[in-house]
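Please look over the sequence and the model before reading the points below.

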Amino acid sequence: MASRPESIAPPEIFYDDVEARKYTSSSRIVQIQAELSERALELLALPEDGVPKLLLDIGCGSGLSGETLSEDGHHWIGLDISPSMLNIAVEREVEGDLLLADMGQGLGVRPGVIDGAISISAVQWLCNADKSSHNPRLRLKAFFTSLYKCLSNGARAVFQVYPENIDQREVILNAAMRAGFAGGIVVDFPHSSKKRKEFLVLTCGQRSTNASMPNGKDEDGESCSDDDMEEDENQTVCISDRHRPRKKLKGNKSGKGREWIMRKKDQMRRRGNVVPPNTKYTGRKRKDRF
């Protein structure tokens, strides 16, 4: 089994001039990219009103997935961290606008202007710490938070991902939920080890409370219900779970009362720190509410 690209080198190094050109010239990869992009566009469920939408292609590479968006009549902005990939996209004269950017540092896009976002085989790269300053959880947080801001109310984002394991899938999904998204994982061909594809389908804004999750596809290309998928494969998060009331924080039961506070203040004074004087209110237990 070939090594995963993200395990070999950072994307801007792995996809150098040679690898980027090799990737783009492969007819097999071109076909796979087209199929995945068409499926992602289908899961976006854009309104069929004949009006072109402004879409975001995150990790656009050499523009293979963007071509599908252009063929469907939409405008798009492509972001990628590999200069070599973007140079090839320019050579191929793709119709979208191209940006050299690291999605782990957030998306520099104006709030509320994007009608939808897709990403093909890119988001799982954020789970790797390629530099000493990289923290995967913080990079995922920066990405999903900035994505949520730039999407219009009710817009969807669809990411085709190759999580290395269940834990990595959960890390990505939880980061999206904490950013405010609703949604979950849609699995196509769940019973096939070769054709299996996972899509993270997210909805942003208040309209997400009424959004329903699409079904995955089976071997015959038909929609498969949740009953057809094994429990560990169906990682969809119920939308209602995200909007449940937050649990109240439990009271402090560690016994840190007045004596403990007085003792700590004495320690601080002995260290030469400026400490407020003790009064009758020091360590007083407050009422539950004012």
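Among contacts in the protein chain between residues at least 6 apart in sequence, what percentage join residues at least 24 apart? The share is 65%, where contact means heavy atoms within 4.5 Å. This is a predicted model, in which local features need pLDDT of at least 70 and side-chain atom pairs count only at pLDDT 80 or more, while totals for chains, interfaces and linings use all residues. Residues are numbered from 1 along each chain as its sequence is written, and side-chain values use heavy atoms, with hydrogens and water left out.

**The chain as a whole**

- The protein chain holds 9 helices and 9 strands; these are DSSP runs numbered from the N terminus, with helices (H or I) of at least four residues and strands (E) of at least two.
- The protein chain has 290 residues, and 43% of them count as buried (buried is under 20% relative accessible area, exposed over 50%, partly exposed in between, with a 1.4 Å probe and protein chains only).
- Its accessible surface comes to about 17600 Å², and 48% of that belongs to carbon and sulfur atoms (Shrake-Rupley method, 1.4 Å probe; for residues, only the protein chains shown count as cover).

**Helices H6 and H7**

- The axes of H6 (residues 136-150) and H7 (residues 166-178) come within 9 Å and cross at roughly 45 degrees (axes are lines fitted to C-alpha atoms, for helices over the stretch in contact, and angles run from 0 to 180 degrees between N-to-C directions).
- On the H6 side, Arg137, Leu140 and Phe144 meet Val171, Ile172, Ala175 and Ala176 of H7.
- The residues of this contact of H6 with H7 divide into 6 nonpolar, no polar and 1 charged (Ala, Val, Leu, Ile, Met, Phe, Trp, Tyr, Cys and Pro count as nonpolar, Asp, Glu, Lys and Arg as charged, and the others, Gly among them, as polar).

**Helix H4**

- H4 (residues 64-71) is mostly covered, with 6 of its 8 residues buried.
- The buried residues in H4 are Leu64, Ser65, Gly66, Thr68, Leu69 and Ser70.
- Their cover includes helices H2 (17-25) and H3 (27-44) and strands E1 (54-58), E2 (75-80) and E4 (114-120).
- Gly73, which follows H4, has a positive phi near 90 degrees.

**Ser152**

- Ser152 lies in strand E5 (residues 151-161).
- Ser152 counts as buried because its relative accessibility is 19%.
- Leaving aside residues up to four places away in sequence, Ser152 touches Gly112, Ile114, Asp115 and Cys204.
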